[in-house]
Amino acid sequence: MSAQGSAGAGADRGKEAVQLLAGVIDVGLEQAESLLRRMRGVLGRSDLHEVAADGQEELRARGELLLGRLAPAAESHLEAVARRAAASRRTSSDA
């Protein structure tokens with residue numbers, strides 16, 4: 001391939017990258033515009049306080065579900081105390 005041919009291919013790839021980036025930006029702007037329209041509708045509601053409280057409760061429930069899936073369940077304090085007491089009784093009866 002000649003130097004001009006490889007320079008042309010590089011320019012084509014650069015142009016394609018710019019077009020892809022512009023497309024991503026366009027999609028992002030459309031999403032932001034849609035979100036702003038929805039927010040205007042929500043802010044105009046008379047029951048905004050209830051909507052916000054419902055949204056907060058839903059987010060809390062979603063967070064609880066996510067943490068339940070990702071984090072191991074914490075052992076109850078009383079269960080841990082009972083387990084240690086049982087282990088110490090077994091150890092003292094073995095001796």
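Modeller: E57 has a relative accessible area of 42% and is therefore partly exposed, where buried stands for under 20% relative accessible area, exposed for over 50%, and partly exposed for what lies in between, with a 1.4 Å probe and protein chains only. This is a predicted model, in which local features need pLDDT of at least 70 and side-chain atom pairs count only at pLDDT 80 or more, while totals for chains, interfaces and linings use all residues. Residues are numbered from 1 along each chain as its sequence is written, and side-chain values use heavy atoms, with hydrogens and water left out.

The side chain of E57 meets that of R60 in a salt bridge, at 2.9 Å from N to O; the term asks for a side-chain nitrogen of Lys or Arg within 4 Å of a carboxyl oxygen of Asp or Glu. Side chains of opposite charge can pair when their charged atoms come close. Because E57 and R60 are 3 residues apart in helix α2, about one helical turn separates them; helices are DSSP runs of H or I with at least four residues, strands are runs of E with at least two, and both are numbered from the N terminus. R60, at 45% relative accessibility, also counts as partly exposed, and a network of salt bridges links E57, R60 and E64.

Helix α2, which covers residues 48-70, holds another such pair, R62 and E58, 4 residues apart or about one turn of the helix. Their side chains meet in a salt bridge at 3.4 Å, N to O, with R62 exposed at a relative accessible area of 54% and E58 partly exposed at 47% relative accessibility. In helix α1, R37 and E33 are 4 residues apart and so separated by about one helical turn, and their closest N and O atoms are 3.6 Å apart in a salt bridge. The whole structure contains 5 salt bridges.

As for the setting, the protein chain has 3 helices and 0 strands. Its radius of gyration is 30 Å, well over the 12 Å that the globule rule gives for 95 residues, so the chain is more spread out than a compact globule; the radius is taken over C-alpha atoms, and the rule is 2.2 Å times the number of residues to the power 0.38. Of the 95 residues, 1% count as buried. Among the elements of the chain, α2 has the highest mean pLDDT, 87, on the predictor's confidence scale from 0 to 100 for each residue.
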